[in-house]
Each structure stands twice: as structure tokens, then as C-alpha cells.
Amino acid sequence: MKKRGLVHIYYGSGKGKTTAGLGQALRAWGWGKRIIIFQFLKKKDFPAGEIRATEKLGKSFEIIRFAQEHPMFNPCADKRELKKAITESLELVRGIIEKENYDLVILDEILNAVDEGFVAESKVIDLIKNKSANTELILTGRFASPRLVALADYVSEIKEIKHPFRRGIKARRDIEY
């Protein structure tokens, strides 16, 4: 009997949402599960440690980073083009989720894309409702709407209490990325 795939949300102002998703992915991979992570609104060519690590894990653990930079990385970005690109990327994700090729799918920063109006919440809700019954799905970002929270099985809020960025310490390779 196959297990039922559930929906997780990791959200909030604190550090660790992507890290929590990656930890869950590593645990599943350790049990022979196939993992795919889609990263939205991150700089495509930014040298993140998780990208480097998964290159060593093989095809059963993949990260796809879409070429959609958040306007904070690229202030000149055309927001209409960004919205179109994210919507198109979500359609690609939908096709993968519906085929049940992966046991665990992570949509990293998708909650930010919804919150900032780059993708309609209804598209993400539709994706959740139409995913394969056996696919575990994780959504991350800073804000989770009440509708998305209601659909999720696990919801964890990660709250910032203290962060070195507030003291002027910049993001560090191998800790923040």
C-alpha cells in the first residue's frame, strides 16, 4: 500500500524555511525517495550550497531554479514579465506533480510569489488539489494565506527572534546560502 502524500507549509520571517524543506528532502532521499525542488524568485546563477550538494546526489534529488529574479535582486525587472514567467513555471511544475514522478516536491519561495501577486493563489490551490495522491508537497515563503494554511496538513511558522543581519552582518556562504 502506498502512503498518502501530505502538504507542508514552512513560513514566517525567520531563517530556516528553505533549510527545513531541504532537511525533509534529505531525510526522504535517505529512504530511497525521489526528490525535486523548484526554487522561485531566487537568483538563477547564485552559488547556493544546496545546488552544489544535489549535483553530487544524482538524478533522484534535483533542484530546478527558475530564471525569475525577485525585484530586490534586480530592481529593473519587469514585474509583468516576472508574473508571466512564474505562471508558466508553475504550469511546468503542475505537469510534473500530476505525473507522480517524484515522491517529494518542494516549491521554495512560492508563498512569496503568491503574497506579492506574481502568481494567483488559485493556481497554487489548484496545484495542491490536483497533485498525485502519493506526492508529498512542501511550500515555503514568508507569508501563508489562511486558504493555503487550511489546505495544508503540516504548518510551521518560523519566527525571527534575532538575526545577525540586523547588526549589519551580511549573508554568509555555507550558512545563509
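Tutor: Let's start with the largest cavity, which has a volume of about 30 Å³. This is a predicted model, where local features need pLDDT of at least 70, side-chain atom pairs count only at pLDDT 80 or more, and totals for chains, interfaces and linings use all residues. Residues are numbered from 1 along each chain as its sequence is written, and side-chain values use heavy atoms, with hydrogens and water left out.

Student: What makes a space a cavity, and what makes it a pocket?

Tutor: On a 1 Å grid over the protein atoms alone, a cavity is a set of points where a 1.4 Å probe fits but cannot get out, whereas a pocket is an open set with protein on both sides within 12 Å along at least five of seven lines. Grid points are joined across faces, edges and corners, and a volume is the space filled by probe spheres set on the points. The structure holds one cavity of 30 Å³ or more, while the second largest pocket has about 150 Å³ of space.

Student: How do you know which residues line the largest cavity?

Tutor: Lining residues have an atom within 4 Å of a point. For the largest cavity they are Thr18, Gly21, Leu22, Ile37, Gln39, Ile106 and Asp108. Helix H1 (17–30) gives the most, with three residues. Helices (H or I, at least four residues) and strands (E, at least two) are DSSP runs, numbered from the N terminus.

Student: Why is Ile110 called buried?

Tutor: Buried means under 20% relative accessible area. Ile110 has 0%, so Ile110 is buried. This residue sits in helix H4 (residues 110–115). Contact means heavy atoms within 4.5 Å. Beyond its neighbours within four places in sequence, Ile110 is in contact with Phe40, Leu90, Val119, Val124, Leu139 and Thr140.

Student: What makes strand S2 (35–39) mostly covered?

Tutor: Five of its five residues are buried. Ile35, Ile37 and Gln39 lie on one side, with Ile36 and Phe38 on the other, and both faces are covered.

Terms used. Buried means under 20% relative accessible area, exposed over 50%, partly exposed in between (1.4 Å probe, protein chains only).
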